[in-house]
Amino acid sequence: MAKKFYAVKNGKTPGIFETWDECKKSVDGYSGAVFKSFKTKDEALAFLGIESSSNSEIPIDVDGSITSDSSCATAYVDGSYNIATKEFGYGVVMFHNGEELHMSKSFSDAEMASMRNVAGEIFGSMAAMEYAVNHGITNLSIYYDYMGISKWCTGEWKANKKGTIAYRDYYNKIKTKVNVQFEKVKGHSGDKYNDMADMLAKKACGVL
């Protein structure tokens, strides 16, 4: 595999990293992170605005949101439940190729609705995984606020309902194609993108 250099312009620790894991530590959970991968160190330096031995001009794609190479993406997921209509829905804020994408959808399923907003968050996580598969994304970070979103997939919690079994099985089906990293965030804690996903979910099922 060809070597890459990861340049972090805005993150916990701006700079150049030689592995995705090092880069990920600097940008995961950092709202407004800006980073990009390059084939050469000179290109990475140019992205950061540092002069190098290369005089080539490097196109900079910075829009103030999370930027990544095409094989990586970040998704914030959340769910909501409408007591009046018994519908549940999800909201997803996805960052891929420097773009911020919003996805949302509502559902009517009596059995799943018994899980209320958790059902929506499950479907949101699955939607993020499906997007990754369909767009050739091999590294996906999913930020969630309900513990089961990760624990049903890892097997730490037993899946014993139709919805959780389907969720676990879908994860097991795609995990060889997409490396999914689960990141827990505290719900309603002021996290910009978690709150945005929550708002999308509420609108989808008619709460707002």
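1. Helices here are DSSP runs of H or I with at least four residues, strands are E runs of at least two, and both are numbered from the N terminus.

2. A word on the ground rules: this is a predicted model, where local features need pLDDT of at least 70, side-chain atom pairs count only at pLDDT 80 or more, and totals for chains, interfaces and linings use all residues. Residues are numbered from 1 along each chain as its sequence is written, and side-chain values use heavy atoms, with hydrogens and water left out.

3. Now to helix 1 itself (residues 20-27), whose buried residues are Trp-20, Cys-23, Lys-24, Ser-26 and Val-27. They line one face of the helix, because they fall within an arc of 160° when seen down its axis; the arc is that of the directions from the helix axis to the C-beta atoms. On the other side of helix 1, Asp-21 and Lys-25 are exposed. Buried means under 20% relative accessible area, exposed over 50%, and partly exposed in between (1.4 Å probe, protein chains only).

4. What do the buried residues of helix 1 pack against? Their partners are strand 1 (5-10), strand 2 (15-17), strand 3 (34-38), strand 4 (72-82), strand 7 (139-144) and strand 8 (179-184). Contact means heavy atoms within 4.5 Å.

5. Asp-28 deserves a look too: it is found in the loop between helix 1 and strand 3, and it counts as buried because its relative accessibility is 10%. Its side chain makes polar contacts with the side chains of Lys-24, at 2.7 Å, and Tyr-143, at 3.2 Å. A polar contact is a pair of N or O atoms within 3.5 Å; within protein, one must be able to donate a hydrogen and the other to accept it, and residues adjacent in sequence count only if both atoms are side-chain atoms. Leaving aside residues up to four places away in sequence, Asp-28 touches Lys-12, Ser-141, Tyr-143 and Glu-183.

6. Lys-86 has a positive phi of about 65° although it is not a glycine; its place is in the loop between strand 4 and strand 5 (87-96), and it is partly exposed at 46% relative accessible area. For Arg-116, also not a glycine, phi is positive and near 55°. Arg-116 is in the loop between helix 3 (110-113) and helix 4 (117-134) and is partly exposed, at 40%.
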